[in-house]
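My entries follow in the order in which I wrote them.

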Amino acid sequence: MAIQVRRVARALGAVVEGLDLRQELPESDIEQLGKLLVEHQVLFFRDQPVTPQQQARFAARFGTLHIHPIYPVLPELPEIMLIDTHPGFLPDNDNWHTDVTFSTTPPLAGILAAKQLPATGGDTLWSSSSALYESLSEPMKRFLEGLTAQHSVAKSFPAERWANDPATKARYERAVAKHPPVTHPVVRTHPVSGRKGLFVNEGFTTHIHELSPGESQAVLAFLFAQAGRPELTVRWNWKVNDIAFWDNRVTQHYAIADYLPERRTMHRATVNGDKPY
Ligand SMILES: O=C(O)CCC(=O)C(=O)O
Ligand SMILES: [Fe+2]
């Protein structure tokens, strides 16, 4: 069955049909998906009841897999991150962020599978960082070009949240020790498309090195606010067994936390990426 693609928003996002992600796909399908990912930035698949093993196997076709150093992972398969949110484990992804930019080599992609959903709510939005960059004025683009910013794990992962029990606290402290703040370019060139995109995010970016503290704060506040402009986003209303596959090099996302006290459970596989330039 041929792959069918339907664009769902102007800035980014496409629904892909005609694939069963539980199967070992031929290399030609993987190549086509890789191209579609770069073109559409986030791909959505319906009716994909993958096991964690099948999800990890699919993700591993695109690169080596990342194991999150802080967030819960499946004990039997640590390449699958568990986002199981409820009144006892509150959601913390309701802010615009790009995953794991506290690493020198942030992920290439995230692959998220919906396992249990609230009756209503719990949508996720993605925002195109290339569309954002392209929407800026030419003088603003020139100003940002060549600037670098610091990204810090502690900004999105505050120590208080990860101090509930000794094992979680010890794991958190090891992660923070292993991940000192890193520097990335403010404007990133996509390694495949060559398109430029803004590469700062409210989740992890703390300051722009070349600016004074006040200037950095003002410029970052402006840039952070841009991600949420509706024109730059796509919003996904999940059904159980949906999968979203995003290019983490050129997008930010925001998981709406409007469903408590209901429970929402997601599994994420994360493909390792390269050093941004
Ligand atoms: O739960 C979601 O919809 C997204 C959570 C998130 O930020 C992620 O999986 O990286
Ligand atoms: Fe995320």
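I began with Asn93, where an N or O atom of the side chain is 3.5 Å from an oxygen atom of ligand 1; I count a polar contact as a pair of N or O atoms within 3.5 Å. I then noted a polar side-chain atom of His253 at 3.0 Å from an oxygen atom of ligand 1, and one of Arg268 at 2.6 Å from an oxygen atom of ligand 1. Taken alone, ligand 1 exposes 290 Å², of which the protein buries 99% (areas by the Shrake-Rupley method with a 1.4 Å probe).

This is a predicted model, in which local features need pLDDT of at least 70 and side-chain atom pairs count only at pLDDT 80 or more, while totals for chains, interfaces and linings use all residues. Side-chain values use heavy atoms, without hydrogens and water, residues are numbered from 1 along each chain as its sequence is written, and chains are lettered from A and ligands numbered from 1 in the order in which they are written.

Next I looked up the iron ion (ligand 2), which is coordinated by His97 (NE2), Asp99 (OD) and His253 (NE2), at 2.1 Å. Donors here are N, O and S atoms within 2.8 Å of the metal (3.2 Å for Na, K and Ca), and water is not among the atoms, so the site may look incomplete.

Are His97 and Asp99 buried or exposed? I found both His97 and Asp99 buried (under 20% relative accessible area, with exposed over 50% and partly exposed in between, using a 1.4 Å probe and protein chains only).

How values were computed: A polar contact is a pair of N or O atoms within 3.5 Å; within protein, one must be able to donate a hydrogen and the other to accept it, and residues adjacent in sequence count only if both atoms are side-chain atoms.
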